[in-house]
Amino acid sequence: MAKVIFTISYDIYPAVRPAYLSTVEEMRQYFLNVQKKNYNVFENTAKKNNFSEVFICESEEEYDALEDTMDDTWQSFNNKVQEYVSDGKVQYSVLKEVTQD
C-alpha cells in the first residue's frame, strides 16, 4: 500500500506567532490522541512564519477518509488557524509514495 502525505502550507502574521504555536500544540495532541493521525507541523527554515501542517496516511483509503473524520473540534481548529493566516493564502499538496504496484 502506498503512503500518502497531505500538506497544508501558509504564512501567519508575525504578531500572532505565540498564539499560533499554542494552537498548534493543541492540534498536535488532538490529532495524536483523539483522531489517531500521524500529524505534525513544520516551519520553513528559509522563510520565518511559513508553516506546513503534514498528515502522513498509511494508505490512499486513510487519506480519502480524512474529510469524513472531521468533527467539530477539528473544524474549530481550522477556523482558528484561518484567523492567523496572512493574506488568506493556503496551499494544499498531496504526495503519493512511489511503489511498483
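Phe55 is buried, with a relative accessible area of 2%. Buried here means under 20% relative accessible area, exposed means over 50%, and partly exposed lies in between (1.4 Å probe, protein chains only). The model is predicted, so local features need pLDDT of at least 70 and side-chain atom pairs count only at pLDDT 80 or more, while totals for chains, interfaces and linings use all residues. Residues are numbered from 1 along each chain as its sequence is written, and side-chain values use heavy atoms, with hydrogens and water left out.

Helices (H or I, at least four residues) and strands (E, at least two) are DSSP runs, numbered from the N terminus.

Two strands pair if DSSP finds at least two bridges between them.

Follow the pairings across. Strand 2 and strand 3 run antiparallel and are joined by 6 bridges. Here Asn40 has Val54 of strand 3 as its bridge partner. The hairpin of these two strands has 6 residues between the strands, and Asn49 takes a positive phi near 70 degrees there. Next, 8 bridges join strand 1 to strand 3, again antiparallel. Ile8 stands opposite Glu53 in strand 3. Strand 1 is also joined to strand 4 by 8 bridges, and these two run antiparallel. Tyr10 stands opposite Val90 in strand 4.

Contact means heavy atoms within 4.5 Å. At 1.5 Å a residue, the 17 residues of helix 1 should span 24 Å, and the end C-alpha atoms are 24 Å apart, which agrees. The expected span is 1.5 Å times one less than the number of residues. Which residues of helix 1 are buried? They are Arg17, Tyr20, Thr23, Val24, Met27, Tyr30 and Phe31. These residues cover an arc of only 135 degrees around the axis, which puts them on the same side of helix 1. The arc is that of the directions from the helix axis to the C-beta atoms. The cover over the buried residues of helix 1 includes strand 1 (4-12), strand 2 (38-43), strand 3 and helix 3 (72-84).

Trp74, Phe77, Val81 and Tyr84 are the buried residues of helix 3. Seen down the axis, they fall within an arc of 70 degrees, so they line one face of the helix. They pack against strand 1, helix 1, strand 3 and strand 4. Exposed Asp72 and Glu83 sit on the face of helix 3 turned away from its buried side. Asn79 also lies in helix 3. At 43% relative accessibility, Asn79 counts as partly exposed.

The whole structure has 13 aromatic pairs. Rings of Phe, Tyr and Trp (its six-membered ring) pair if their centres lie within 6.5 Å; planes under 30 degrees apart count as stacked, over 60 as edge-to-face and the rest as tilted. Phe31 and Tyr39 form a tilted pair, 4.4 Å centre to centre with 45 degrees between the planes. Both residues are buried. Phe31 also pairs with Phe55: the centres are 5.2 Å apart and the planes stand at 80 degrees, so this pair is edge-to-face. Phe31 lies in helix 1 (residues 17-33) and Phe55 in strand 3 (residues 50-57), so the pair ties together parts that are 24 residues apart in sequence. One aromatic cluster is formed by Phe6, Tyr30, Phe31, Tyr39, Phe55, Tyr63, Trp74, Phe77 and Tyr92.
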